[in-house]
Amino acid sequence: MLAPRYRIGGRTLACLSSMHPQLTALRRDLHAHPELGFEETYTAARVVEALKACGVDEVHAGIGKTGVVGLVRGQGGGTRMVGLRADMDALPMTEHSDVAWRSTKPGLMHACGHDGHTAMLVGAARYLAETRHFDGTAVLIFQPGEEGFAGAKAMINDGLFERFPVEAVFGMHNWPALPPGTVAVNPGPMMAAADRVTIRIVGRGGHGAHAYQAVDPVLVAGHIITAVQSIVSRNVKALDSAVVSLCAISAGDMGAFSVIPEEALLTGTVRTFRAEVQDRVEQRLVDLCRAIAEGFGARAEVRFERLYPATINHPVQAAFAAEVARGLVGDARLVTDLEPSMGSEDFAFMLQARPGAYLRLGQGGAESAFLHSSRYDFNDEVLPIGAALHASLVEHALPLAGETISPATPDLTRSPT
């Protein structure tokens with residue numbers, strides 16, 4: 001645990017609590033003006049404006065298209081860097097809530113809380129710029145396009161970590177399934193890999209009254225839909241986790257009730273945590289679909305797209321983040337064995353590039369509106385806690401000279417092999 005001298009979480013939280021009204025106003029403004037991935041021009045401009053007003057040392061815009069990075073240098077003049085990341089984009093959904101700050105854009109809404117994530121990191125920026133109680137540089141990463149656009153990868157490809165060589169990076173996401181103010185971080189899997197599967201079945205079209213003259217791709221699709229559900233139960237170890245879901249089918253014309261189409265198209269997703277399981281599921285999908293199609297005289301083409309890798313926390317950095325969170329919220333509100341989610345997160349790309357950890361911040365409300373619900377809204381009450389956790393990670397990772405850390409606290413510069 002952190003040494004008593006180094007328990008600064010209470011001071012940090014008290015300071016950020018005084019900023020609560022401003023953070024809430026920013027969060028609600030962002031909520032009212034949602035933008036999709038790589039279209040976050042208003043959001044990025046608000047972030048740039050807020051960072052400059054906070055007094056950060058440098059602001060870099062246009063990284064990974066619409067991404068923004070702010071730099072805050074501590075008192076000590078050290079060269080070490082630690083990164084904090086928040087996502088900025090919204091979802092293509094119509095909002096059905098009646099809050100005063102509901103979306104002003106039809107068909108777009110912040111249904112995942114990225115407006116809150118952005119506001120929390122802005123709060124951390126203001127606190128860090130005002131106090132500078134650390135030795136090194138805080139790299140504040142405002143990332144575009146998390147919702148299916150791989151914005152983290154775009155920023156990395158645009159030289160994010162070459163320009164700002166952080167030794168560790170931390171991300172945070174709200175979690176309605178946890179009570180407000182609870183922090184969860186696992187030393188290992190947090191979220192699954194997300195892959196897209198597209199199966200094109202080619203048969204021979206014909207008349208529904210003379211089906212023997214055709215090769216019906218709809219029939220083949222039905223057998224494939226049923227058969228692929230055997231992959232997890234019969235080809236994946238019981239102690240491993242995997243999901244195969246074929247979620248949509250397209251074939252023929254609904255107005256042509258007696259026409260057997262030539263093709264059918266299936267699409268769906270695969271979720272796994274381990275690369276070996278991911279490889280196994282892909283191979284079984286390809287083999288199974290092709291064999292079934294050939295058995296009916298048809299042909300199946302399988303496209304398996306690996307979109308987001310699994311979000312796997314580095315043990316050293318996860319243990320460090322847990323200790324920081326414990327100092328801020330206490331043992332009762334710290335969870336270190338959270339059940340991993342089969343959802344996905346493109347912060348995984350950053351964890352592949354740098355050691356780090358992905359944390360969850362409880363906000364409650366799961367029983368009424370979970371993430372991606374048209375009635376979801378971020379819980380503004382947790383804004384100071386999230387901002388304080390961001391700031392505390394920097395202060396604890398980059399201590400000033402003379403502020404020692406307990407020997408039990410992991411060394412962030414060390415990444416396990």
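Okay, let's start with a crossing: helix α2 passes helix α3 in a right-handed way.

Quick housekeeping. This is a predicted model, where local features need pLDDT of at least 70 and side-chain atom pairs count only at pLDDT 80 or more, while totals for chains, interfaces and linings use all residues. Residues are numbered from 1 along each chain as its sequence is written, and side-chain values use heavy atoms, with hydrogens and water left out.

Back to our pair. α2 covers residues 20-32, α3 covers 41-54, and they pack at about 165° with their axes 10 Å apart. Axes are lines fitted to C-alpha atoms, for helices over the stretch in contact, and angles run from 0 to 180 degrees between N-to-C directions. That makes α2 roughly antiparallel to α3, a label for angles over 145 degrees. Who makes the contact, meaning heavy atoms within 4.5 Å? From α2 we have Leu26, Asp29 and Leu30, and from α3 Tyr42, Thr43 and Arg46.

Now the sheet. Four strands form an open, antiparallel sheet, in the order β10-β12-β8-β13; two strands pair if DSSP finds at least two bridges between them. Which strands stand at the edges? They are β10 (242-251) and β13 (299-308), each with a single partner strand, so one side of each has no neighbour in the sheet. From one strand to the next, the twist averages 20°.

Let's zoom in on β12, residues 263-272, which pairs with β10 in the antiparallel sense over 9 bridges. Val244 has Val270 of β12 as its bridge partner. β12 also pairs with β8, again antiparallel, over 10 bridges, and Ile199 stands opposite Leu266 of β12.

Is β12 mostly covered or mostly open? Mostly covered: 7 of its 10 residues are buried, meaning under 20% relative accessible area with a 1.4 Å probe, protein chains only.

And what packs on the sheet? Helix α7 (217-227) does, touching β8 (193-202), β10 and β12, and its direction makes about 15° with that of β12. Helix α9 (275-295) packs there too, touching β8, β10, β12 and β13, with its direction at about 160° to that of β13.

Note on methods. Helices (H or I, at least four residues) and strands (E, at least two) are DSSP runs, numbered from the N terminus. Angles under 35 degrees count as roughly parallel, over 145 as roughly antiparallel, 65 to 115 as roughly perpendicular and the rest as oblique. A crossing is left-handed if the near helix is turned anticlockwise from the far one by less than a right angle, and right-handed if clockwise. Contact means heavy atoms within 4.5 Å. Buried means under 20% relative accessible area, exposed over 50%, partly exposed in between (1.4 Å probe, protein chains only).
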